[in-house]
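Subject: Handover of a structure

Dear colleague,

Please find below the sequence and structure that I am handing over to you. My notes on it follow.

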Amino acid sequence: MTAVNLPKELLDFYRDLDNLINDYAGRITLPGMEITDAVLNRHYGEGVSLFELVQPEIDAEFCKNVFQDVCALLERRRPQVGGQLKTLTEAAEHAVVRLVSDYISGNDKNIKKLVEGSLISGMTVNFILECTARPFMQAFARLVGSCTKDEKWQRNYCPVCGSKARYGLIKQDDNKRFLQCSLCDRQWLFKRLACPNCLNEEHTTLKTIFIEETPDYQIHACEECRTYLKVFSTGEEAGNTGLKDAATVFLDIIAQQNGYVSNYFTS
Ligand SMILES: [Zn+2]
Ligand SMILES: [Zn+2]
């Protein structure tokens with residue numbers, strides 16, 4: 001099977017977007033936060049993300065700057081999408097922080113209202129909010145990430161922010177599988193033989209699709225719920241999530257041709 005790759009201009013766009021997000025993430029200093037034993041007991045016991053438990057405040061001005069820069073980059077580099085952004089930036093101008101908080105907590109009522117009132121697709125609005133939230137969430141993960149312990153979590157969503165994984169990684173030293181958060185970039189341990197969508201552990205219905213041309217890339221698929229997860233065992237660190245996801249779109253195409261839906265896009 002021939003690997004299909006995205007055009008260079010699109011990969012360049014994702015690289016620039018990741019650089020913008022990383023640059024903002026590096027500039028945030030969050031006030032110190034105490035993660036008490038009571039918080040950790042709820043975190044592990046009830047499976048509540050740290051973000052939901054400690055509710056850090058998002059700086060409004062900072063958030064607005066990221067939002068505007070993400071929109072400007074889209075306008076400049078993806079004119080077919082960016083040309084429609086004016087209605088969004090006008091409508092969202094005074095509500096960016098609220099929308100970003102809603103996005104992180106998975107509360108889509110206000111986001112849906114905004115989509116209805118603008119000419120932009122829900123997918124684009126969610127993409128922009130995700131990019132705006134990422135620097136803040138990365139900084140938050142840096143601050144509190146070490147409080148949550150891998151062996152005590154092992155759920156199918158991120159211990160720091162509650163988001164799903166866009167892909168997984170197999171660490172070469174111990175062969176364990178980690179999931180990579182799509183929002184805060186935290187990696188967390190997850191069972192090697194379990195579906196990250198429906199939690200099926202029946203090995204006869206869990207399948208690994210190997211790609212001959214790129215042996216370090218695999219697709220982990222589940223016959224029970226028909227979803228897949230892209231998995232890399234390249235040995236390199238995950239790096240920029242957006243670019244890595246875009247650069248491995250050939251895996252999505254192969255998985256979808258085999259009738260599977262991405263684990264990331266299931267609700
Ligand atoms: Zn996360
Ligand atoms: Zn499944």
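I begin with a pair of helices: the axes of α1 and α4 cross at roughly 165° and come within 11 Å. Axes here are lines fitted to C-alpha atoms, for helices over the stretch in contact, and angles run from 0 to 180 degrees between N-to-C directions. The two helices, α1 and α4, are therefore roughly antiparallel to each other; angles over 145 degrees count as roughly antiparallel, those under 35 as roughly parallel, 65 to 115 as roughly perpendicular and the rest as oblique. On the α1 side the contact is made by F13, D16, L17, L20 and Y24, and on the α4 side by V66, D69, L73 and R77. Two residues are in contact if their C-beta atoms, placed from the backbone, lie within 7 Å. The crossing of α1 and α4 is right-handed, where right-handed means that the near helix is turned clockwise from the far one by less than a right angle, and left-handed that it is turned anticlockwise.

Before going further, please note that this is a predicted model, in which local features need pLDDT of at least 70 and side-chain atom pairs count only at pLDDT 80 or more, while totals for chains, interfaces and linings use all residues. Residues are numbered from 1 along each chain as its sequence is written, and chains are lettered from A and ligands numbered from 1 in the order in which they are written. Helices (H or I, at least four residues) and strands (E, at least two) are DSSP runs, numbered from the N terminus.

Further helix packing

Two packed helices are described by the angle between their axes and the distance between the axes. Helix α1 (residues 8-27) also packs with helix α9 (residues 122-144), at an angle of about 40° and with the axes 8 Å apart. That angle makes α1 oblique to α9. The crossing of α1 and α9 is right-handed. Here L17, I21, Y24 and A25 in α1 meet C131, R134, P135, Q138 and A139 in α9.

Helix α4 (residues 60-77) has a further partner in helix α7 (residues 96-105): their axes cross at roughly 80° and come within 9 Å. This makes α4 roughly perpendicular to α7. In this pair, A60, C63, K64 and F67 of α4 meet V96, V97 and V100 of α7.

In helix α6 (residues 85-92), the residues L85, L88 and A92 are buried. A residue is buried if 20 or more other C-beta atoms lie within 10 Å of its own, exposed if 12 or fewer, and partly exposed in between, with C-beta atoms placed from the backbone. Seen down the axis of α6, its buried residues fall within an arc of 60°, so they line one face of the helix; the arc is that of the directions from the helix axis to the C-beta atoms.

L11 is found in helix α1 and is partly exposed, with 15 other C-beta atoms within 10 Å. Its C-alpha atom lies 9.3 Å from that of K244, although L11 and K244 are 233 residues apart in sequence. Not counting residues up to four places away in sequence, L11 touches L6, L243, A246 and A247.

G32 is in the loop between α1 and α2 (37-46) and is exposed, with 7 other C-beta atoms within 10 Å. The C-alpha atoms of G32 and L143 are separated by 7.6 Å, and the two residues are 111 apart along the chain.

The annotated region

The unreviewed UniProt entry carries the annotation "domain: FdhE central" for residues 157-192. UniProt positions are given in the numbering used here, feature names are shortened, and annotations may be inferred rather than shown by experiment. Over residues 157-192 the chain is 0% helix and 42% strand, and the end C-alpha atoms are 15 Å apart.

L179 is placed in strand β2 and counts as buried, with 25 C-beta neighbours inside 10 Å. Leaving aside neighbours within four places in sequence, L179 is in contact with A165, G168, Q187, W188, F190 and P196.

N175, in the loop between β1 and β2 (177-181), has a phi near 65°, a positive value in a residue other than glycine. N175 is exposed, with 9 other C-beta atoms within 10 Å.

With kind regards
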